[in-house]
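Me: I am new to this one and would like to go through its side-chain contacts. Could you take me through them step by step?

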Amino acid sequence: MAVNKLNNYYMDLHIHIGAAKSGRPVKITASRKLTLEAVLEEASFRKGLDIIGVIDAQSPEVLEELEELIDHGKAVPLKGGGIRYEDKVTLILGSELEVYDLSCQGPVHLLCYFPGLKEMRHFSSWCGERMKNIHLSSQRIYAQARELQQKVRELKGLFIPAHIFTPFKSLYGKGVKTSLTEVLDPDAIDAVELGLSSDTYMADQLPELAGYHFVTNSDAHSSSKIAREHQVVELEAPDFSEIVKMFASAGGRKILRNVGLHPKLGKYYRSFCRACESPAVNCLCTGQGQRVMGVSERISELAERQRHFLKDTSEASGIKPVRPPYLHQVPLEFIPGCGPKTLNRLLDVFQTEMRVLHEAKDEELKSVIPDKVAEKIIQARAGALTLKEGGGGIYGKIQ
């Protein structure tokens, strides 16, 4: 039997919609310019992504807009799941929900993905009976976390805890004391999303994550942030069924590499005192209620707890998973001198940001933009830039 060829695709599965076409808010904290079509256009023509996840698709107006795109021939539902837009990018329908049940120490954001409109309509109706405003994204659902997992499985969807280490509204940042088993059924998790200020090497300090795939998504709230984090995946085709097979490690499908903002550039890397606006380790004031624990410190704390927990429960295997490489990306908007005019010049030549960041040769960059800016991009690729660490909601910087 002939084996179908596997191809490489750029994928970002966590992108928000700021507003519906009518102007009605969808994600309150996202740009109102980030409509469904704006996301599809930016992701496909400017960023150069092949697969995207829109994480507000349970909103009835978003579903109506998708149906309009299909009716007008601009989008086509795929047999393998997902919706193909202008034959450029595949849209995976997702929903981000907040759970804060009796098992949680604090609110937790969770990502649910479904094959197509039928399943998402059903899920939207189910959620509408359990939340105050189905039109808004990232709303609290009044259901148990495990009940939500069961519903996703029933609809043949995928379940991924979101940005698992960020200090607010995440599994390890707020939800649990030690282990994800406090809140979730570990067998009903398809992957975990690393989020800002962490990478594979940091996350692998936690023994209980050894059996899970890591995904790196942008959680974009504006067009410029789309693809800030992404992954390169190897699939037969850009559709939902192939992503399911990838998470099952079937037939050679896999994540080839994770790509993300360097953790030190993330806005939650180090603990930070918001009272005196300084790293918590240098804080000279009491900072009561103002200390935001950094992801790096939180992971170290959890790793120590889990080593004792797993040892006590005889669950420690000691086996280190084989991970795809993690590429520390410095987005073009972080590069000194790479303003809108320079970026547009690069896009005129290389068409998409993915090509600029990953495929353009050094000499090609220097032929298009000033050497000083090109050198910064080249240094960023090589991990040779000096970075000032971020924390407390403030991004790090290139020094």
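Predicted model: local features only at pLDDT ≥ 70, side-chain atom pairs only at ≥ 80, totals over all residues.

Me: What do Glu42 and Arg46 form, and how far apart are the closest N and O atoms?

Reply: They form a salt bridge, with the closest N and O atoms 3.6 Å apart. Side chains of opposite charge can pair when their charged atoms come close.

Me: Is Glu42 buried or exposed?

Reply: Glu42 counts as buried because its relative accessibility is 14%, under the 20% limit. Arg46 has a relative accessible area of 29%, so it is partly exposed.

Me: How many salt bridges are there?

Reply: The count comes to 26 salt bridges. One of them joins the side chains of Glu129 and Arg130, at 3.4 Å from N to O. Glu129 is exposed, with a relative accessible area of 64%.

Me: And which residue does Glu242 pair with?

Reply: Glu242 forms a salt bridge with Arg253, and the closest N and O atoms are 2.6 Å apart. Glu242 lies in helix H7 (residues 240-247), while Arg253 is in the loop between H7 and strand S11 (254-261), so the pair ties together parts that are eleven residues apart in sequence.

Me: Are those two buried or exposed?

Reply: Glu242 and Arg253 are both buried. They also belong to one network, in which salt bridges that share partners join Glu236, Glu242, Lys245 and Arg253.

Me: Changing topic: how many aromatic pairs does the structure hold?

Reply: It holds six aromatic pairs. Among them is the tilted pair of Phe114 and Phe123, with 4.6 Å centre to centre and 40° between the planes. Phe114 and Phe123 are both buried.

Me: Which residue forms a cluster with Phe114 and Phe123?

Reply: Trp126 does; Phe114, Phe123 and Trp126 make up one aromatic cluster.

Me: Why does the pair of Phe165 and Tyr172 count as stacked?

Reply: The ring centres of Phe165 and Tyr172 are 5.5 Å apart and the planes are at 15°, so the pair is stacked. Phe165 is buried, with a relative accessible area of 1%. Tyr172 counts as buried as well, at 0% relative accessibility.

Me: One last point: what lies over the face of Phe214?

Reply: Arg323 lies over that face, at 3.6 Å from the ring centre of Phe214.

Definitions and conventions
Residues numbered from 1 in each chain as written. Heavy atoms only, no water. Salt bridge = Lys/Arg side-chain N within 4 Å of Asp/Glu carboxyl O. Buried < 20%, exposed > 50% of the residue type's maximum accessible area, 1.4 Å probe, protein only. Helix = DSSP H or I, 4+ residues; strand = E, 2+ residues; numbered from the N terminus. Phe/Tyr/Trp six-rings, centres within 6.5 Å; stacked < 30°, edge-to-face > 60°. Lys NZ or Arg CZ within 6 Å of the ring centre and 35° of its normal.
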